[in-house]
Amino acid sequence: MKTLEDLKRLREKLQDETRLRHSSGTQIIIGMGTCGIAAGAREVMTAILDEIAKRNLQDVEVRQTGCIGMCEKEVLVDVVRPGEPRITYGKVKPAVVSKIIAEHVVNGRIVEELVVGKITRDR
């Protein structure tokens, strides 16, 4: 960083990334406990943020959570679309992130082969 313009561009980029993590609408929740991180959660988080930025999705909140006791299924990623059940995807790798974003987050179609859990509000 050498100029004031470089600093302004960096600030805008960080504000965009922060907005991605705190917007309303669809939520994407990534298991970032020790077991999740060991299984590659940081890489999955990066892939999710990159895919959201690439698609310029504005109404998606990305959050982190700790271990929920399904360590053997890590990396766990939940997708919660407004008014729909919470879907938990397991053994998520960066290579399948674009499919989850395109099919479920954008088009509302659950990627059944990766689902390990489903929570409805009627429990």
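**Helix pairs, core and salt bridges in a predicted chain**

Asp6 and Arg9 stand three residues apart in helix H1 (residues 4-22), which means that about one helical turn separates them. In this predicted model, the two residues form a salt bridge whose closest N and O atoms are 2.4 Å apart. Asp6 counts as partly exposed, at 24% relative accessibility. The chain around this pair contains four helices and five strands, which follow one another along the sequence in the pattern α-β-α-α-β-β-β-α-β.

**Overall form and surface**

- The C-alpha atoms of the chain fill a box of roughly 55 × 30 × 25 Å, taken along the principal axes, and buried residues make up 37% of the 123 residues.
- The accessible surface of the chain comes to about 7500 Å², and carbon and sulfur atoms account for 50% of that surface.
- Among contacts between residues at least 6 apart in sequence, 69% join residues that are at least 24 apart.

**The nonpolar core**

- The largest nonpolar core has 25 residues, and Ile28, Ile30 and Ile48 are those with the most contacts inside it.
- At least two residues of this core come from each of strand S1 (26-31), helix H3 (41-55), strand S2 (60-65), strand S3 (77-80), strand S4 (86-89) and helix H4 (94-106), and H3 gives the most, with seven residues.
- Leaving aside residues up to four places away in sequence, Ile30 touches Ala41, Met45, Ile48, Val62, Arg63, Gln64, Thr65, Val75, Leu76 and Val77.

**Salt bridges**

- Side chains of opposite charge can pair when their charged atoms come close, and a search of the whole structure finds eight salt bridges.
- Glu51 and Arg55 both lie in helix H3, four residues apart, or about one turn of the helix, and they form a salt bridge in which the closest N and O atoms are 2.8 Å apart.
- Glu51 counts as buried, at 8% relative accessibility, whereas Arg55 is partly exposed, with a relative accessible area of 36%.
- Glu51 and Arg55 are also linked with Lys54 in a network of salt bridges.
- The side chains of Lys99 and Glu113 meet in a salt bridge (2.6 Å, N to O), and this pair links distant parts of the chain, with Lys99 in helix H4 and Glu113 in the loop between H4 and strand S5 (115-119), 14 residues apart.
- Lys99 is partly exposed, with a relative accessible area of 38%, while Glu113 counts as exposed at 55% relative accessibility.

How values were computed
Residues numbered from 1 in each chain as written. Predicted model: local features only at pLDDT ≥ 70, side-chain atom pairs only at ≥ 80, totals over all residues. Heavy atoms only, no water. Buried < 20%, exposed > 50% of the residue type's maximum accessible area, 1.4 Å probe, protein only. Contact = heavy atoms within 4.5 Å. Areas by Shrake-Rupley, 256 points an atom, 1.4 Å probe, with all protein chains shown as cover. Core = buried A, V, L, I, M, F, W, Y, C linked by side-chain atoms within 4.5 Å. Salt bridge = Lys/Arg side-chain N within 4 Å of Asp/Glu carboxyl O.
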